[in-house]
Amino acid sequence: MPSTAPATAAGEDQRRDACATREAILKMARRRFSSCGYADVTLRDIAADAEVSAALVVKYFGSKEKLFAAASGFEQDAERLLDCELPQLGEHLVRTLLDYHDRTQGDPLVRAVFTSSRPAGAQFRANFEHQLVSRLAERLTGPDARLRAELVCSHLMGLGASRLVLRTKAISAEPKENLIAITAPLIQRWLDDPL
C-alpha cells in the first residue's frame, strides 16, 4: 500500500506558502493604504509590491474593497502596542511604534487617518476604536480616561505622520532613542495623571 506522507507534506508546504503569500499581500496593502489614500492604491500596485500577480491578489481577496477591509484589521497591532504594564506603557508605545516604522515603513495609526473617510473606512474606524482606543481607556484610572486615551493616540498618530508622510526634518533626523526619551514621558503623563 503506497504511503501518503509525501502528499501530506506537499499539502502542508502549499498551505504554508499560501499563508505566507496572503500575509505578504496584506503587509504590502497595509503599507500602501498607510502611505497613500484608498483611491490612489491599485491592486496592481499591491501585487507588484508583494511580487505576485494581480490575479493572485484577486484570488485571495476578491476585490480592492475586500482587501482593504482585511488590511484594516487592527487587533494584532493593538496587541503589540498595549502589551506592557501601565507604568512603562508610555515608553513601550513610542518604542513599539518607532520599531514598526523602521521594520515596515508604515504606521497602523496613520492608516486610521488615511482610511477613515474611504470606502470601508467605517470598519477600520470601528476596529481602531474598539481594539485600541477603548481598550487603552479601560486600563486608565482616574477621570477623563477616554479623553486621555484619545490624546495618547492622537500624539502617536502625529509622530507617525511627521516621520513617514510629511518627513519633517528635525523629527526624521532625530535618533530613535532620543525621540523615545523626549516623547515617552509626555505620553506617560496622560496615561498616569488626570488632566
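I first looked up how H9 passes H11, and found a right-handed crossing (right-handed if the near helix is turned clockwise from the far one by less than a right angle, left-handed if anticlockwise). The model is a predicted one, in which local features need pLDDT of at least 70 and side-chain atom pairs count only at pLDDT 80 or more, while totals for chains, interfaces and linings use all residues. Residues are numbered from 1 along each chain as its sequence is written, and side-chain values use heavy atoms, with hydrogens and water left out.

**H9 and H11.** I noted that the axes of H9 (residues 145–165) and H11 (residues 176–192) come within 8 Å and cross at roughly 160°; helices here are DSSP runs of H or I with at least four residues, numbered from the N terminus, and axes are lines fitted to C-alpha atoms over the stretch in contact, with angles from 0 to 180 degrees between N-to-C directions. That makes H9 roughly antiparallel to H11 (over 145 degrees). The contact (heavy atoms within 4.5 Å) includes Leu151, His155 and Arg163 of H9 and Leu179, Trp190 and Asp192 of H11. By class, I recorded 9 nonpolar, 2 polar and 3 charged residues for the contact of H9 with H11, where Ala, Val, Leu, Ile, Met, Phe, Trp, Tyr, Cys and Pro count as nonpolar, Asp, Glu, Lys and Arg as charged, and the others, Gly among them, as polar.

**H5.** In H5 (residues 75–82), I found Asp77, Ala78, Leu81 and Leu82 to be buried (under 20% relative accessible area with a 1.4 Å probe, protein chains only; exposed is over 50%). They cover an arc of only 120° around the axis, which puts them on the same side of H5; the arc is that of the directions from the helix axis to the C-beta atoms. H5 and H6 (residues 89–104) pack at about 135°, with axes 8 Å apart.

**H2.** Lastly, I noted that Leu43, Ile46, Ala47 and Ala50 are buried in H2 (residues 43–50), whereas the face turned away from that buried side carries the exposed Arg44 and Ala48.

Key. Helices (H or I, at least four residues) and strands (E, at least two) are DSSP runs, numbered from the N terminus. Angles under 35 degrees count as roughly parallel, over 145 as roughly antiparallel, 65 to 115 as roughly perpendicular and the rest as oblique.
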